Amino acid sequence: MLPPHAWGGPGWGGPGALALILRRWALRLGLLLAAAVFVALWAYPLLGFLLSAWVPHLLQGDLRPTLAPLRHAFQGYELHALFNSLWVALTVGLLALPFGLWLAWLRERTDLRGRGGIEAGVWLLLIFPDFFLASGWMLLAAPIGPLASWPAALHAAQLLLGPVGIIITLVLKVVPYVFLVAQGSLRHTSAAQQEAARVHGLSRLWRLRLGLVALLPALAAGFAIAYAESLRNFAVVATLGASSGFTMGTYAIYQAVNGMPLNFPLAASASWLLLGLVIPALVLQHRVGQRASQHQTLGAKHRPAARVRLRASDQLIHGAALIALGAFALGLPSFAALGVAWPKAGWEQIAAALPPLLAAVEFSLQLALVAASLTVCIALPIAWLISRPGRVGRLLDVALLAMMALPLIVLAAAYLQAYNQPYAPLYGGSLLLGMAYVALAVPATSRVLMGPVAQLHRSLGDAARVHGLSRLQTLRHIHLPLLAGALFYGWLLAVLSIAFELPASELLYPAGHPPLAVALLQYAGGFQLHQQARLQVLGMAVLLAFALLARWAYQRFTPAAWRHLGHDRT
């Protein structure tokens with residue numbers, strides 16, 4: 001027990017000294033907890049898995065190196081799968097650029113009627129799960145699907161079960177990224193450049209070329225994102241590629257850790273090769289970004305360029321093309337799922353089939369709620385550290401970018417290896433699956449929160465301390481109200497992305513309790529197409545209802561001042 005003078009005597013400096021000691025101990029405990037979370041979620045599983053490409057039995061204490069797994073990955077099935085990943089990603093990147101640029105041009109640079117709906121459609125396509133798009137194509141091409149009465153159309157739809165369908169689905173999923181990066185550049189297009197081109201008598205073709213050169217940084221960033229997202233994708237490949245025998249890098253990694261015997265060194269070697277394919281895109285984006293200053297047009301005398309006035313015929317053509325694109329991208333897969341989900345037997349058969357479907361949706365939603373809440377608690381301090389100047393923030397930013405470039409199947413395979421050891425027997429339980437969900441969702445959620453957190457000026461904390469507020473009071477009364485909107489929407493986005501997650505779910509789910517995406521894949525693999533369609537419709541309906549309910553609860557129970565402040569910051 002401390003002597004009485006320790007609580008305020010002159011030898012200890014009074015109550016302030018004790019408070020300082022307690023704060024230091026709290027800081028040390030916080031740093032230790034953060035280090036433990038970092039090691040458990042990322043460092044231990046990823047390092048152990050990736051290093052097993054050279055040291056196959058590293059986690060068992062055997063440090064003997066070998067190059068056999070890498071030699072194996074450079075030949076046969078794995079090499080063919082990686083080659084397919086490369087050409088598919090390049091094709092998707094090249095096809096997504098004109099589509100995304102066209103949508104951004106219509107939205108920002110023309111007077112097209114109803115152009116505000118373009119942005120809403122892009123965001124809807126962005127949050128629509130790629131797994132459901134691929135499942136919709138499967139149901140469309142099924143013999144019991146809505147095209148069963150038209151043999152020619154059914155035969156054409158069956159082309160979607162392979163590389164054609166994979167490319168189309170991936171293009172639809174990455175077009176929103178190209179749109180968003182091109183939108184920012186087109187929105188700030190300067191009128192001076194166009195006027196100078198006309199004064200010098202340049203033709204329309206030369207003016208178009210100059211405009212594309214000014215957009216080069218945005219186009220390079222859009223291509224890099226589309227290329228990397230195509231390489232990382234697993235859900236579309238597992239749905240449309242597995243049934244046709246067309247394999248890609250992510251599915252080759254999955255097969256190495258899901259077959260018998262398990263081959264983690266081979267999976268790690270293929271993971272290194274897959275990560276190596278991302279480097280050209282990162283180099284391209286970096287080099288073009290270094291030259292971005294040559295194309296800067298936004299300054300003190302900036303005048304936005306006038307919108308292009310479309311003729312009535314052009315309005316009709318572009319409007320019809322947008323409607324056709326929306327119907328194809330979202331309407332057709334949903335129509336196929338609804339058509340197969342409703343059997344001729346009617347409501348009785350549907351009611352009998354509901355219990356396993358509801359169990360899968362409920363299990364996914366429960367895990368998503370817990371994992372998303374933990375994700376926000378971890379992502380907020382990460383975003384705070386990155387937004388502050390210093391070496392720690394820069395290192396975290398680099399680590400976060402590396403995690404976002406990492407294919408999700410790689411982290412899932414790393415968890416399967418790391419936590420299936422005698423000293424870490426977590427495999428087979430919901431805890432490990434929840435940990436994987438958190439590890440997968442933290443990088444994207446941190447990016448969502450970085451913008452709003454960076455806008456919080458340091459003077460807010462200084463003013464709070466001047467008025468006698470503690471750190472906890474400052475967080476509660478100042479920072480949380482300002483970040484309320486960003487935290488809610490970051491949490492909601494994490495819930496929806498986790499609920500539809502496939503790679504970690506497929507490798508780590510507890511036996512007898514398949515999450516939503518795994519149950520969909522199982523029904524598709526077992527040719528239970530009615531169940532697959534019902535689960536797809538039910539899952540989307542439940543999660544859409546949950547999103548609307550969560551937003552209503554946020555609007556209803558959050559103080560009005562918090563909502564207005566959060567809206568202003570986001």
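1. Let's start with a charge and a ring: the charged end of Arg 556 sits over the ring of Phe 557, 5.3 Å from the ring's centre. Keep in mind as you look that this is a predicted model.

2. On to the aromatics. Searching the whole structure turns up 17 aromatic pairs. One of them is Phe 132 with Phe 500, an edge-to-face pair with 5.0 Å from centre to centre and 75° between the planes. This pair ties together distant parts of the chain, as its two members are 368 residues apart. Phe 132 belongs to helix 5 (residues 130-140), while Phe 500 is in the loop between helix 20 (471-499) and helix 21 (503-508). Elsewhere, ring pairs join Phe 488, Tyr 489, Trp 491, Phe 546 and Tyr 554 into a cluster.

3. Stay with helix 5 for a moment. How many of its residues are buried? The count is 11 of 11, so helix 5 is mostly covered, with buried meaning under 20% relative accessible area. Among the buried residues are Asp 130, Ser 135 and Gly 136, along with Phe 131, Trp 137 and Met 138.

4. Phe 49 is worth a click. You'll find Phe 49 in helix 1 (residues 15-51). Its relative accessible area is 0%, so Phe 49 counts as buried. What does Phe 49 contact, leaving aside neighbours within four places in sequence? The list is Phe 264, Ala 267, Ala 268, Ser 271, Val 410, Ala 413, Ala 414 and Gln 417. The C-alpha atoms of Phe 49 and Ala 418 are separated by 7.3 Å, though these residues are 369 apart along the chain.

5. Now a helix pair. Packed helices are described by the angle between their axes and the distance between those axes. Helix 17 (residues 408-418) packs with helix 18 (residues 430-454) at an angle of about 145°, and their axes are 11 Å apart. The crossing of helix 17 past helix 18 is right-handed. Which residues meet there? Helix 17 brings Leu 408, Leu 411 and Tyr 415, and helix 18 brings Leu 432, Met 435, Ala 436, Ala 439 and Leu 440. By class, that contact has 8 nonpolar residues, with no polar and no charged ones.

6. Tyr 251 has its place in helix 12. Why does Tyr 251 count as buried? Because its relative accessible area is 15%, and the cut-off for buried is under 20%. Leaving aside neighbours within four places in sequence, Tyr 251 is in contact with Tyr 77, Phe 234, Val 237, Ala 238 and Ala 242. Between Tyr 251 and Ile 409, 158 residues apart along the chain, the C-alpha separation is 8.4 Å.

7. Two backbone spots to check by eye. Most residues other than glycine have a negative phi, and most peptide bonds are trans. The peptide bond from Met 260 to Pro 261, however, is cis, with omega near 0°. Pro 261 lies in the loop between helix 12 (249-258) and helix 13 (264-290). The other spot is Phe 527, which is not a glycine but has a positive phi of about 55°. Phe 527 is in the loop between helix 22 (516-525) and helix 23 (529-557). With a relative accessible area of 70%, Phe 527 is exposed.

Technical notes: Residues are numbered from 1 along each chain as its sequence is written. This is a predicted model: local features need pLDDT of at least 70, side-chain atom pairs count only at pLDDT 80 or more; totals for chains, interfaces and linings use all residues. Side-chain values use heavy atoms; hydrogens and water are left out. Helices (H or I, at least four residues) and strands (E, at least two) are DSSP runs, numbered from the N terminus. Buried means under 20% relative accessible area, exposed over 50%, partly exposed in between (1.4 Å probe, protein chains only). Rings of Phe, Tyr and Trp (its six-membered ring) pair if their centres lie within 6.5 Å; planes under 30 degrees apart count as stacked, over 60 as edge-to-face and the rest as tilted. A charge sits over a ring if NZ of Lys or CZ of Arg is within 6 Å of the ring centre and within 35 degrees of the ring normal. Contact means heavy atoms within 4.5 Å. Axes are lines fitted to C-alpha atoms, for helices over the stretch in contact, and angles run from 0 to 180 degrees between N-to-C directions. A crossing is left-handed if the near helix is turned anticlockwise from the far one by less than a right angle, and right-handed if clockwise. Ala, Val, Leu, Ile, Met, Phe, Trp, Tyr, Cys and Pro count as nonpolar, Asp, Glu, Lys and Arg as charged, and the others, Gly among them, as polar.
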